[in-house]
Amino acid sequence: MKSKNIQLMHVLEAAFLPAIIFVAWFFASSYDVLPRNLFPSPVDVLSGFYEVLNDGSFFYNLNISVIRVLKGFLLGSITGFFIGITLGVSRFLEKLITPIFNAIRQVPLPAWAPLLVLVSLGEMSRVLFIAIGACYPVVLNTFEGVKNVRHDYMEVGKVFKFSKVKSFFKIILPSSFPATLTGLRLSLSISWMLVVAAEIFMTSGGGIGEMMWSCREFSRMDLVVVGIIAIAFVGFAMNFTMRKLERLFSFWRITLKQSR
Amino acid sequence: MFFIKSEKIETVAIGLIVPILLVIFIEVICKLEVVPCQIVIPPHKVVITFLELINTGELSEHFRISFSRVLAGFVLGASLGFITGTVMALSKRSERIVAPLLSALSQVPLFGWIPLLMLWFGIGETFKVVFIAFGAFFPMLINTFEGIHGVSKSYIEVARAFEFSSVKLLKKVLLPAALPSLFTGIKLALGMSWMLVVGAELVAAGEGVGYLIVWGRQLFQMDIVFVGIAVVGFIGYLMFLTLNMFESSLMRWHRPTATNK
């Protein structure tokens, strides 16, 4: 009974601040304390949401963004996976590539946007922009994963006279895969951040970021808020799914921990 | 000793192979005019443009403006993040009250705030500083919180035994023990700030290194774009190095405990 009370208390505490903000927001906007066009009331936001739902532009743009992010994510993470594996397996290539990889990695991601516009004005530039950001975490985590393969495993492989190819597929790949998954999760959340950036920096291809950007030009704050809530929600859903996948696919990591 | 040195030289030499080949490759391509020279710029021309921009003082002016924006945004965001993180780590109740709201806010991809902040603050300095502060806030908050939260209970008990006041506890025990984590937060926050200032200057600015890149693109002067990209990358790296040096000089005691773990 008491623990139930405490739980209720905790829920109330968690709801406290959002509730206060919501109420303050509601009253401030309905009594015109704050300029309505800059601080739309919850009702405005809902009706704005209803509006873009009805004319189909919401799902149209969201769809474009999600497809775009998947393209960029797949392109970047697959490339990153191969780079990471290669760097991890070969000492020489590691020495050869790592310095220039690290040098390129220092460039803040938005800085690539103007350059990519010159590569192509179309969808390609936005996808490449996302792919650049998506590639780094996968490279780094896969590389770490391959480097951290336990020595005893490799030795067991040697005892069984595994060929290089076999030890790669049977030992290195499975035991580095959990690290790669962490990289993939980070990569997807960066991709989602960058798709919004790409749609703001390189407009005229549709997408939820561009919807928000044009709503800003028309001072439709309610739709900007709709966009913010939508991208936060999708980002959260993506992260959640990736976390689930990470747990699902890395069950052998848990057994490995237990065996230690 | 000598052996280590020669190995180091070898590593550096191997690392230089790809960049040098790349430079030669691009130079040759441009000489043979395989691709239009407006898009692929021979590296020597980029260097010349770089020197020109430095000589006219343009580059340092753009840099100064960007840097002051980063500094303002970073100081604002990171100090707010530090304070919030400390309060959340010290009081369970405040954590329960603030955490849900903050974690909801942190779900929003950072660039998604641009339209909102531009409507609120216009396209001036305030917009950029607040935007950068947003980015610096969350990494600092998370790392401060985890750093203080993770301080070993035995340290706190020792402090209790000596009847430290809570201010003294914070100053003498909690903050020093959380220092490595705080530094991680500072590094992430500064890196994020640097990324966001470039982003903010791409969409709304009349000066700054991000603007320099956009400006070069609009004039179709790719050499300026490349100079801009190289400079922002290099400065970001310099900031990271400076912080690293500062960190290792401040935390000489940290190494041995790290190996103890």
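A helix here means a DSSP run of H or I, at least four residues long, numbered from the N terminus. Keep that in mind, as I'll go by helix number. And a reminder: this is a predicted model.

Start with helix H9 of chain A. Just past its end, A:Ser219 takes a positive phi, about 55 degrees. Which ones are buried? A:Ile208, A:Gly209, A:Glu210, A:Met211, A:Met212 and A:Trp213, then A:Cys215 and A:Arg216. What do they pack against? Within chain A, helix H3 (57–89), H8 and H10. From chain B, helix H5 (113–121).

That brings us to the interface. 43 residues of chain A are in contact with 43 residues of chain B. On the chain A side, these elements each give two or more residues: H1 (2–30), H4 (91–105), H5 (112–119), H8 (164–201), H9 (208–217) and H10 (221–249). Which helix gives the most? H10(A), with eight residues. By residue type, the chain A side divides into 34 nonpolar, six polar and three charged.

Now chain B, and one helix pair. H6(B) spans residues 125–149, and H8(B) spans residues 166–203. They pack at an angle of about 160 degrees, with their axes 7 Å apart. Angles over 145 count as roughly antiparallel, so H6(B) is roughly antiparallel to H8(B). The crossing is right-handed. The residues of this contact divide into 16 nonpolar, eight polar and two charged.

Next, the core. The largest nonpolar core has 119 residues. Which residues have the most contacts inside it? From chain A, A:Ile130 and A:Leu194; from chain B, B:Phe131, B:Ile132 and B:Ala136. H8(B) gives the most to this core, with 17 residues.

Last, a residue with another setting. B:Leu21 lies in helix H1 of chain B, residues 2–32. Is B:Leu21 buried or exposed? Exposed, because it has 10 other C-beta atoms within 10 Å, and the cut-off for exposed is 12 or fewer. One distance to finish. B:Leu21 and B:Val173 are 152 residues apart along the chain, and their C-alpha atoms are separated by 53 Å.

Technical notes: Residues numbered from 1 in each chain as written. Chains lettered and ligands numbered in written order. Predicted model: local features only at pLDDT ≥ 70, side-chain atom pairs only at ≥ 80, totals over all residues. Contact = placed C-beta atoms within 7 Å. Nonpolar A, V, L, I, M, F, W, Y, C, P; charged D, E, K, R; others polar. Buried ≥ 20, exposed ≤ 12 C-beta atoms within 10 Å, placed from the backbone. Axes fitted to C-alpha atoms, helices over the stretch in contact; angles between N-to-C directions. Parallel < 35°, antiparallel > 145°, perpendicular 65-115°, else oblique. Left-handed = near helix turned anticlockwise from the far one by under 90°. Core = buried A, V, L, I, M, F, W, Y, C linked by C-beta atoms within 7 Å.
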